[in-house]
Each structure stands twice: as C-alpha cells, then as structure tokens.
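Please read them with the sequence and the structure open.

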Amino acid sequence: MKIYIDGKFYPEKDAKISVFDHGLLYGDGAFEGIRVYNGRIFKLAEHLDRLRASAQAIVLNLPMSREALTEAAVETCRRNKLRDGYIRLVVTRGVGYLGLSPYKCKKPTVFIIAATIELYPEKVYRKGMKLVTVGTTRTSPAALSPNVKSLNYLNNIMAKVEALHAGGDEGLMLNAQGYIAECTGDNVFILKRGVLLTPPTSAGALCGITRQTVMDLAGEAGIPVREENFTRYDIFTADECFLTGTAAEVVPVRELDRRVISGGRPGPVTTELMRRYKELTARNGTPIYA
Ligand code: PXG
C-alpha cells in the first residue's frame, strides 16, 4: 500500500507521522471518510467542502487547494490500483511542541490512505441492525460543534463501546435534551405515516453526506422528508428505521434496546432507498482512471 503524506508517496511501513504532531497529541485536526465505487470517487466535492468547513471551524488553514486535494486523492487511488474501497483523508494541525496552542505548529500535515473497507456483515442488510441507546451523550454544540468532523472521536468511541458491550451493532446517541442526535458513525432516519424524519444538525447530528444523498433520493422518489427532533418513543413507534453513512450506506434497523421495530424486517421505503443508493453509487463520482 502506498500512503500519501504532504505531497509524497510512502510504502506503508515508512508512512509515519511525528509524535509531536498535534493530530496525535490532541486530536487536533479533521478528516473525511470517502468511498470509491467502480473506479470513481463518490461525492468527493461534498467531502472536500465538509473538510474545508471543519478546518475553518477549528482555525486550521488547509495547506492545499481544492484542486490539489482532488488530484492527491485521485493519485493515491491510482497508485494503489483501487477500484472499490475507502479513502481516509486526514489533515492534522501539524508538528508543534507540547502545549495546546496551535500557533506553534508551522504547517498542517495532510495524509491520504486508499484502502479496502470492512463493511457490516451482509446479514444486517437483510435482517437489520440492533441499536442500543447509550448513556454517552453527543458533544454539546456549546462545547464543540458536532458538525466538525474532527480527529477527536473519543465521545463516539465510548458510545460504540457501550453499544458493543450491550450486544448491539450500533449505539444510539441522544443530546443533552434527550432528543435523538445520531449513531456513533451513522445518521438516523425514521418513517412515520409516509414521512421520513431525521434529526436536524442542531440536535447534534453530523451533516452526513449520505444523509443528504438519501434526502435527495427520497425527494426524487416522492417521499416527503423533514428534519425534526424526535425521541426514542418515535423510533419505538416508527413504521421503519434505517441508518445512513459512508461506510454503512443505507442499513435497516430491526431493534432498539431489544424492542423490535416495524415487524423486524426492512420496510418497503428502506428497501427502495437502499436500491436507489446502490444504483447511484454504481454510476456516479469523480473518475480515477479517465
Ligand atoms: N455521524 C458521525 C458521527 C460520523 O462519523 C456519519 C454520521 C455519517 O456521515 P457520512 O458523511 O459518512 O454520511 C459519520 C461518518 C469509520 C467511518 O471509519 C466513519 C464515518 C464515515 C466513514 C468511515 O468508522 N463516519
């Protein structure tokens, strides 16, 4: 595997970052996880927009233009002969000294990994996921905006640990008010009386690229979508529930806290959106081997 670091490619064993990089010392940085389907990078522009916004929000100047980032991502795929897989694009605060101030870090570090991806087992797409409500709440926007896709994922990692320890596949995270925010690495949707609902980003949901894509696909399919606060009650009583994310794509939910939702099988709207999403990913994106 060849890894891109600051304009050069390194074999995996030589791809190393300084112990003084604030990305490592403090989780100071931002990242994107991007899929590659059929020789194309899916929604690259949207991911680069979100990366730029994350960087801007944490006062980090991206050291590369949009064009340079695009070219670097494409070239990393080429060097690894990737046709289907996953790109991890990371920008850290860079090498500095001990101490929180980012102003001693001279230059952000950019690295890109293009690899294969470990997906959820096929069974969860047929049968649905098991969600567990976790005690770890989503970061308050008063602390750090949940819209910053930062390198600081401990909040979500602790939530994932709770979910796994409780025998679930994913953890459902609430905000401080008790409304649903999202899962640890996926956004949440429910279907109620023919209307799709997903929590607004103000509830603590990341502005997911897959979330937006699914909202667009629902629009095309004539299914009304609203961003609205809801609680566990609404999931227990939902007609359908599914998650969206770059890694998971569209994945049905069968249980929340061991209570079966919507008959315990993927509903027709979920199934239709899964089909449309697959179709879209198969033929869209930035070509790598043009
Ligand atoms: N919420 C959170 C907290 C996320 O981290 C999503 C929602 C879904 O957003 P997208 O833009 O992907 O639809 C994410 C995304 C990984 C991995 O390696 C995690 C994500 C994406 C890709 C890979 O665990 N999280």
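1. Leucine 100 sits in the loop that links S5 and S6; helices (H or I, at least four residues) and strands (E, at least two) are DSSP runs, numbered from the N terminus. Leucine 100 is exposed, its relative accessible area being 66%. Buried means under 20% relative accessible area, exposed over 50%, and partly exposed in between (1.4 Å probe, protein chains only).

2. This is a predicted model, in which local features need pLDDT of at least 70 and side-chain atom pairs count only at pLDDT 80 or more, while totals for chains, interfaces and linings use all residues. Residues are numbered from 1 along each chain as its sequence is written, and side-chain values use heavy atoms, with hydrogens and water left out.

3. Leu100 belongs to a nonpolar surface patch together with Val19, Phe20, Leu24, Leu25, Tyr26, Val95, Tyr97 and Leu98, with about 900 Å² of accessible area together. Patches take residues with over 30% relative accessible area and no salt bridge, joining like charges within 9 Å and nonpolar side chains (Val, Leu, Ile, Met, Phe, Trp, Tyr) within 5 Å. Accessible areas come from the Shrake-Rupley method with a 1.4 Å probe; for residues, only the protein chains shown count as cover.

4. S5 (residues 85-92) and S6 (residues 109-115) are antiparallel partners over seven bridges, and isoleucine 87 stands opposite alanine 114 in S6. Two strands pair if DSSP finds at least two bridges between them. Both strands belong to an open, antiparallel sheet of seven strands in the order S2-S1-S6-S5-S3-S4-S16. Its edge strands are S2 (8-11) and S16 (286-287), each pairing on one side only.

5. Helix H2 (residues 44-57) lies across S3 (29-37), S4 (40-41), S5 and S16, and runs at about 175° to S3. Axes are lines fitted to C-alpha atoms, for helices over the stretch in contact (heavy atoms within 4.5 Å), and angles run from 0 to 180 degrees between N-to-C directions.

6. Which residue forms a salt bridge with arginine 50? The partner is glutamate 32, with the closest N and O atoms 2.8 Å apart. A salt bridge is a side-chain nitrogen of Lys or Arg within 4 Å of a carboxyl oxygen of Asp or Glu. Arginine 50 is in helix H2 and glutamate 32 in strand S3, so the pair ties together parts 18 residues apart in sequence. Arginine 50 counts as buried at 11% relative accessibility, and glutamate 32 is buried at 0%.

7. A search of the whole structure finds 20 salt bridges. Another of them joins glutamate 279 and arginine 283 (3.8 Å, N to O).
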